[in-house]
Amino acid sequence: MQKIRVQIGSDVPNKSRVVYVFSFIGLHSGVKFELTEENGDILYGKRKDTSKEAKVIIPCDYSLLEGNSSPETRTIEDIPVLHKDIVPGDKLLEKHESSIRFTYDPVAIIFYLISRIEEVKSTETDTHGRFISTNSVLHPSGFLNEPVVDYHLNTVKRALKDMSFELDDRKTPMAILTHDVDQPIRSIKGSFRLLFEGEKDLKSRVNSLTDTIGRKIKTEDNPFWNFGSFTTAEAGYGFKSAFFFTAPYYRTKYDPKYNVNGYNFRMKIAELTAKGFEVGLHGSYNSVIDGDKLTKEKEKLENTGVNVYGNRSHYLRFEVAGGYRKIQSANLKYDSSLGYSDTIGYRCGTGLPFYPYDFGTEKAIPILEIPLIVMDGALIPNREIEEVNEILDNLVDTALRLNGAVTFLWHLRTAYDIDYPGWFDVYKRLLKKLSENGFDVLKPSSLAESYMNLAGELGYHDFIFE
Ligand SMILES: [Zn+2]
């Protein structure tokens, strides 16, 4: 295993943030970074610092690392760059005889985006208390759909390779398939209500009502009970996905109405896990905000006889500053709530998993965040199916090119074609594309386990965790 010594300049204000980012880079390049007081292979610090020994020199953008103010954005060599103190040159890297010098600070960019410092500092939220996508620094420049972090991770990796360091990095892009079980049953009462209130045309509303009643009479599966449609389509490519179920004790009007302890649910959960699919917790509307709700919900879901390893919050209602502590108290291993409900894209600047940063302790929390990139409801409405497919193709192609990761969320009900025409076809096409391009499709719990092991092997547990 390659060890690379990093020297952090004495002038750098917040060393633990730099250490945190190097561990992120290390995890995604199979490198063990170690700190050294002098003569590192990498020197991170003042721009004018010179070192005879350092092979890679990275200047520190203090303001960006401290998150003091909104950074500026620009594109250099086709790569989206954030900066504040240091104005990057026309080229990202300057190659010298025996060293490479960055003209900008990729470490601070990665920190700024994955630490979610802009969310921690933001006081403005939407009506559900969520960070607003248009407030992201990535939004105005159109960078939300670009994995900005991945570009800079790769730039650092390339510089290390050019300087003959050996990386032991992952060779295939990753995809994570997930389903939130919000509305697994289209009730007859609800179907009547939709007959008068639905957004669809009348013919379609009548169709789904008669179909829902007809299936009930014939004791067929309810139109929204689509576990089999998803698992069959995925299993066709050898893929396994995760289904997130809610188990609230106190329901708000926003929470799903089913009881996970009902016979049908317990049977289905047992069947899914027996077939190798994952069952996770869909934390209720207030779960990550309020008291020990999340812990109790996890216990309730586990009472159906399943081991639960991760959370995705309902409504993607998540608070970066306190949410991970709730997840940790509930003894969960990962979260996958950091996406936007109104748009697709890279809320954290990456689809790659990472350990969240705690600004209270200036350390990482040993919970893997697996950022959500594409949610069906944020992608498909108000778009032609052709355009939807094109967006997905671009996203998958970018992940393929950068060796990234993409997490997808298709709700259970959307395989009902009368209500959601074309949505399931889009999903099936996506599965095919992932398979054809050799994506490694992983269950989120497997990802969480393998990264925790990798962090241990590379010596990062003591390095970043409190
Ligand atoms: Zn939900």
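## The second largest pocket

By class, 8 nonpolar, 5 polar and 5 charged residues line the second largest pocket. In this sorting, Ala, Val, Leu, Ile, Met, Phe, Trp, Tyr, Cys and Pro count as nonpolar, Asp, Glu, Lys and Arg as charged, and the others, Gly among them, as polar. The pocket's volume is about 280 Å³. Of its 18 lining residues, Leu27, Asp168, Arg170, Tyr451 and Leu454 are the closest to its centre. Helix 15 (residues 444-457) gives the most to this lining, with 5 residues. Helices (H or I, at least four residues) and strands (E, at least two) are DSSP runs, numbered from the N terminus.

Where does the second largest pocket lie? Domain 1 (3-162) and domain 2 (174-185 + 224-464) both give residues to its lining, so it lies between them.

A word on the model: it is predicted, with local features needing pLDDT of at least 70 and side-chain atom pairs counting only at pLDDT 80 or more, while totals for chains, interfaces and linings use all residues. Residues are numbered from 1 along each chain as its sequence is written, and side-chain values use heavy atoms, with hydrogens and water left out.

## The largest pocket

The largest pocket has a volume of about 1,500 Å³. A pocket is an open set of points on a 1 Å grid over the protein atoms alone, with protein on both sides within 12 Å along at least five of seven lines; a cavity is a set where a 1.4 Å probe fits but cannot get out, and lining residues have an atom within 4 Å of a point. Grid points are joined across faces, edges and corners, and a volume is the space filled by probe spheres set on the points.

The lining of the largest pocket has 43 residues, and Asp182, Gln183, Phe224, Arg413 and Tyr420 lie nearest the centre. They divide into 14 nonpolar, 14 polar and 15 charged. Helix 6 (188-197), helix 7 (202-217) and helix 12 (376-379) each supply at least two residues, and helix 6 gives the most, with 5 residues.

The largest cavity has a volume of about 50 Å³, and among its lining residues are Tyr20, Phe24, Leu27, Pro353 and Ile464. Its lining has 8 nonpolar, 2 polar and no charged residues.

Helix 1 (residues 15-27) provides the largest share of that lining, 4 residues. Domain 1 and domain 2 each contribute at least three residues to the lining of the largest cavity.

The contact (heavy atoms within 4.5 Å) takes 42 residues from domain 1 and 40 residues from domain 2.

Together the domains bury about 3,600 Å², 61% of it on carbon and sulfur atoms. Buried area is the accessible area (1.4 Å probe) that two parts lose on being put together, summed over both. In domain 1, Leu27, His128 and Arg130 lose the most area to domain 2, together 19% of what that side buries.

## A look at Val279

Val279 lies in strand 11 (residues 278-281). Is Val279 buried or exposed? At 1% relative accessibility, Val279 counts as buried; buried means under 20% relative accessible area, exposed over 50%, and partly exposed in between (1.4 Å probe, protein chains only).

Although Val279 and Ala242 are 37 residues apart in sequence, their C-alpha atoms are 5.6 Å apart in space. Leaving aside neighbours within four places in sequence, the contacts of Val279 include Phe243, Ile269, Leu301 and Val308.

How values were computed
Domain bounds come from an automatic or database domain assignment.
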